[in-house]
Amino acid sequence: MRAMLIANPKATSTSRRARDILMRAFSGDLDLVLAETGHRGHATELARQAAVNGYDVVIALGGDGTVNEAVNGLLADGPSPDLPALAVLPSGSANVFAKTLGLPADPVGATKSVLEALRAGRYRTVGLGTACHQGGAERYFTFCAGVGLDAEVVREVERRRAAGATAYTSLYVRTAVRHFFTGTDRRRPALTLEQPGRPPKPGLFLAFVSNTSPWTYMNRLPVNPSPKANFARGLDVFGIRSLDIGPTLGAVAQMLTARTRPLQGRHVVNVHDASEVTLRAERPVAFQLDGDYLGEQDSVTFRSVPKALRVVI
């Protein structure tokens, strides 16, 4: 079985020694090629090359950003049953996609699980989401997208990481609190949620688009605005019409509480199992996919893609 291991050497918990150990663990079962990423978008190029060259498996060693790039490379020409399967070895800060698949949080434990699955021929086909903005190419996402405040926080975290900070959960929390009080516009909502055949929902400050649940993690604690979202259905959306302290704290408290129902409240908007939604903005608004900041946009359309990708699990 031919496999390409795409490794991000800058991932939070990756070391060369750990990578060498993983390579040796796979060597008895796979004809394995190591490909290290050197720049943003490189994992996409490598995964696309693996698909063109007929590899059986692409193994992504890195965080959610590396996984997202690998997925977009595999699906560059659209879903197909002939594409390589994707295996994930988590070594980033959040690793949401890997955790949602039920993989161990560390790359060594995940390697053991992936090897067992490969030997047993265990695969799962999952649905994904796509996002497309004006003038941009359609891009896949595995677990979430965001427009508004959360994307602004991702942007600020990326700036701090570029300055040398490490992307631990505490960095995201500190940045979110600081930006909520001193950075974001809490007076003028910019977003309108649109669905084909339904009345628009205006006046939103932010929106989370979920392909699965939870939306993210704070260390091991799930943050879950749309608990009904899963890989076998369409997209779920959570939006909020007030960033006053009371409604915001109430929403955050619900997100951190184990439950099966969507968030409740008069300022909350929920959509479940949607095939398509559009978030339109009165002014350019920050936009992120799978924790990767993608600039400010006036409009983004999200679509569900059922049974898009085979994963080793």
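Okay, let's start with two helices: α2, residues 42–52, and α3, residues 64–74, have axes that come within 7 Å and cross at roughly 40 degrees. That angle makes α2 oblique to α3. The crossing of these two is right-handed. As for who touches whom, the α2 side includes His-42, Ala-43 and Thr-44, along with Ala-47, Arg-48 and Ala-51. Over on α3, the partners are Thr-66, Glu-69, Ala-70, Asn-72, Gly-73 and Leu-74. Before I go on, keep in mind that this is a predicted model.

Now the other helix pair. The axes of α6, residues 149–162, and α7, residues 169–182, come within 9 Å, and they cross at roughly 120 degrees. So what do we call α6 and α7 relative to each other? Angles from 65 to 115 degrees would count as roughly perpendicular and those over 145 as roughly antiparallel, and α6 and α7 are therefore oblique. α6 passes α7 in a right-handed crossing.

On to the rings. How many aromatic pairs does a search of the whole structure find? Six. One I'd like to show you is Phe-97 with Phe-231: the centres are 5.7 Å apart and the planes sit at 80 degrees, an edge-to-face pair. This pair links distant parts of the chain, with Phe-97 in helix α4 and Phe-231 in the loop between β12 and β13, 134 residues apart. Are these two buried or exposed? Phe-97 has 0% relative accessibility, so it counts as buried. Phe-231 comes out at 5%, and that counts as buried as well.

Next, Phe-208 and Phe-238. Their ring centres are 5.5 Å apart with the planes at 40 degrees, so this pair is tilted. Here too distant parts of the chain are linked: Phe-208 belongs to strand β10, Phe-238 belongs to strand β13, and they are 30 residues apart. Phe-208 is buried at 5% relative accessibility, and Phe-238 is buried at 1%. There is also an aromatic cluster, made of Phe-141, Phe-287 and Phe-302.

While we're on rings, look for charges over their faces. Lys-99 lies over the face of Tyr-217, 4.6 Å from the ring centre. Arg-310 does this with Tyr-123, at 4.9 Å from the ring centre.

Last topic: backbone. Most residues other than glycine have a negative phi, and most peptide bonds are trans. Where does this model depart from that? The bond joining Ser-213 and Pro-214 is cis, with omega about 0 degrees. Pro-214 is in the loop between β10 and β11.

Then there is Asn-219, not a glycine, yet with a positive phi of about 55 degrees. You'll find Asn-219 in the loop between β11 and β12, and at 52% relative accessible area it is exposed. Asp-273 has a positive phi too, near 60 degrees. Asp-273 is in a strand, β14, residues 268–274. With a relative accessible area of 37%, Asp-273 is partly exposed.

Technical notes
Residues are numbered from 1 along each chain as its sequence is written. This is a predicted model: local features need pLDDT of at least 70, side-chain atom pairs count only at pLDDT 80 or more; totals for chains, interfaces and linings use all residues. Side-chain values use heavy atoms; hydrogens and water are left out. Rings of Phe, Tyr and Trp (its six-membered ring) pair if their centres lie within 6.5 Å; planes under 30 degrees apart count as stacked, over 60 as edge-to-face and the rest as tilted. Helices (H or I, at least four residues) and strands (E, at least two) are DSSP runs, numbered from the N terminus. Buried means under 20% relative accessible area, exposed over 50%, partly exposed in between (1.4 Å probe, protein chains only). A charge sits over a ring if NZ of Lys or CZ of Arg is within 6 Å of the ring centre and within 35 degrees of the ring normal. Axes are lines fitted to C-alpha atoms, for helices over the stretch in contact, and angles run from 0 to 180 degrees between N-to-C directions. Angles under 35 degrees count as roughly parallel, over 145 as roughly antiparallel, 65 to 115 as roughly perpendicular and the rest as oblique. A crossing is left-handed if the near helix is turned anticlockwise from the far one by less than a right angle, and right-handed if clockwise. Contact means heavy atoms within 4.5 Å.
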